[in-house]
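Look at the structure first, then read on.

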Amino acid sequence: MPAEAVARWQAEKADLVELFARAQRELGGVAAVRLGPRPTVVVTDPEAVQHVLGRHPDRYVKRSHRARMLAGEGVLSATGDAWKRQRRMLQSQFTGTGMRRYEQRIAEAARHAADRWAGYARTGERFDVGEEMRRFALDTIWRALTGRPLDDRTDRELAAVARVVAAMPTLPADAAGIPEAVAADLARIDAVAHAAIDAARRGPAGDGLLRVLVEAGEEDPAYTDRLIRDELVTLLVAGHETTATTLTWLFLLLDRHPEARVRALAAGPEGSPERREAIQALVSETLRLYPSAWILPRHAAEDDTLLGHRVEAGTDVIVSPYLTHRDPALWPDPERFDPDRFTTAGARPAHLGAYYPFGLGARACLGTQFAVRETTALLEVLLPAYAPRFLSTPAGAAYGITVRPDGPAPAVLG
């Protein structure tokens with residue numbers, strides 16, 4: 001996909017953010033804007049957020065979108081009974097006992113990243129923080145899926161994921177007319193996925209989340225090879241793209257606010273609950289400013305009344321964590337990076353719908369605990385030893401599927 005097409009789309013999205021923000025300021029937390037032949041309702045009020053996402057997910061439904069081109073019928077894009085079955089099967093893997101299964105793999109990925117940073121510190125080599133965070137997050141989810149560390153060849157092939165995700169908003173809604181470069185990247189992703197599935201079938205029982213999917217296919221005919229591939233790609237995309245973006249933003253924010261790093265490390269000794277809580281607060285505040293998804297599109301399946309506003313069936317509804325998290329009525333001085341909001345009693349809004357960086361309700365992100373644990377694990381080993389010195393920083397944000405820095409973040413250590 002030509003870079004100029006992506007740049008045009010990103011500029012349009014930035015304009016859309018301003019339109020939604022103006023609607024919020026002028027019309028409130030449930031605001032109608034005109035984007036086409038029908039009005040679109042922008043939702044940022046916490047009670048309305050809870051109504052749409054938490055209480056009535058069957059009334060405000062998630063429709064198929066361009067992610068299907070990459071993720072197929074995986075849990076991210078599935079709907080209806082298929083989605084309920086797939087989510088039920090995966091949910092146990094990311095809570096409680098399931099998460100303990102991945103603790104060692106997360107720690108190994110964090111140590112591997114720390115070893116690379118130790119090398120950069122010794123040599124003074126320039127590196128890109130965003131690329132480092134991408135490599136760490138991809139290595140972590142790959143270990144969880146396959147039981148193996150990410151090798152260089154797989155890493156190179158899976159760079160195609162980021163290219164497809166970046167191009168996706170500018171692509172046609174179906175496979176017709178996809179540019180050759182995007183089709184080639186999809187073929188690379190398919191090849192990696194099918195090789196991993198074959199290896200999981202040959203491997204020992206219980207060896208990674210992918211093995212769980214393969215075993216599901218042995219018992220449930222709905223889990224065809226295609227669906228297993230779709231779930232694998234969904235977990236790869238969701239399991240590293242947002243985590244890498246969050247960590248990149250966090251290091252950029254700490255560069256501007258070095259005192260926050262100092263306070264977090266001073267909260268307690270290495271490995272203590274106090275230090276872990278302080279580091280988690282750094283992550284939580286980063287996610288407030290830059291949530292995993294800046295908008296959560298829904299479609300009104302029936303007529304409804306939303307905080308006194310009539311919503312007709314067929315209306316597009318845009319729930320925006322990005323704007324809720326920056327509402328000064330909820331978050332005093334909302335543009336300020338202040339991790340103390342998450343460690344000081346009464347410093348953050350009590351309403352559940354005021355903070356939802358991973359979504360809310362039935363379709364909230366399955367991997368929330370996994371994402372929080374891997375980010376915390378990495379920061380626990382990197383923050384005490386390193387404060388990257390950025391050679392240049394991105395000028396702003398690019399609004400795509402995630403809110404990411406709009407350029408590279410080259411840095412050195414020491």
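Start with a pair of helices. Met133, Phe136, Ala137, Thr140, Ile141 and Ala144 in helix α7 meet Phe370, Glu374, Leu378 and Leu382 in helix α15. Contact here means heavy atoms within 4.5 Å. The residues of this contact divide into eight nonpolar, one polar and one charged. Ala, Val, Leu, Ile, Met, Phe, Trp, Tyr, Cys and Pro count as nonpolar, Asp, Glu, Lys and Arg as charged, and the others, Gly among them, as polar.

This is a predicted model, in which local features need pLDDT of at least 70, side-chain atom pairs count only at pLDDT 80 or more, and totals for chains, interfaces and linings use all residues. Residues are numbered from 1 along each chain as its sequence is written, and side-chain values use heavy atoms, with hydrogens and water left out.

**How the helices cross**

Two packed helices are described by the angle between their axes and the distance between the axes. Helix α7 covers residues 129–146 and helix α15 covers residues 368–382; they pack at about 125 degrees, with axes 11 Å apart. That makes α7 oblique to α15. Angles under 35 degrees count as roughly parallel, over 145 as roughly antiparallel, 65 to 115 as roughly perpendicular, and the rest as oblique. The axes are lines fitted to C-alpha atoms over the stretch in contact, and angles run from 0 to 180 degrees between N-to-C directions.

**The sheets**

Helices (H or I, at least four residues) and strands (E, at least two) are DSSP runs, numbered from the N terminus. Two strands pair if DSSP finds at least two bridges between them.

Five strands form an open sheet with mixed pairing, in the order β1-β2-β8-β5-β3. Strands β1 (30–34) and β3 (60–61) stand at the edges with a single partner strand each, so one side of each has no neighbour in the sheet.

Another open sheet has three strands in the order β4-β12-β9, and its pairing is antiparallel. Here β4 (127–128) and β9 (389–390) are the edge strands, each with a single partner, so one side of each is left without a neighbour in the sheet.

| Strands | Sense | Bridges |
|---|---|---|
| β2 (39–43) and β8 (316–319) | parallel | four bridges |
| β5 (296–300) and β8 | antiparallel | four bridges |
| β9 and β12 (410–412) | antiparallel | two bridges |

Now zoom in on single residues. Valine 42 has isoleucine 318 in β8 as its bridge partner. Proline 297 also stands opposite isoleucine 318. Arginine 298 faces valine 317 in β8. In the three-stranded sheet, phenylalanine 390 stands opposite alanine 411 in β12.
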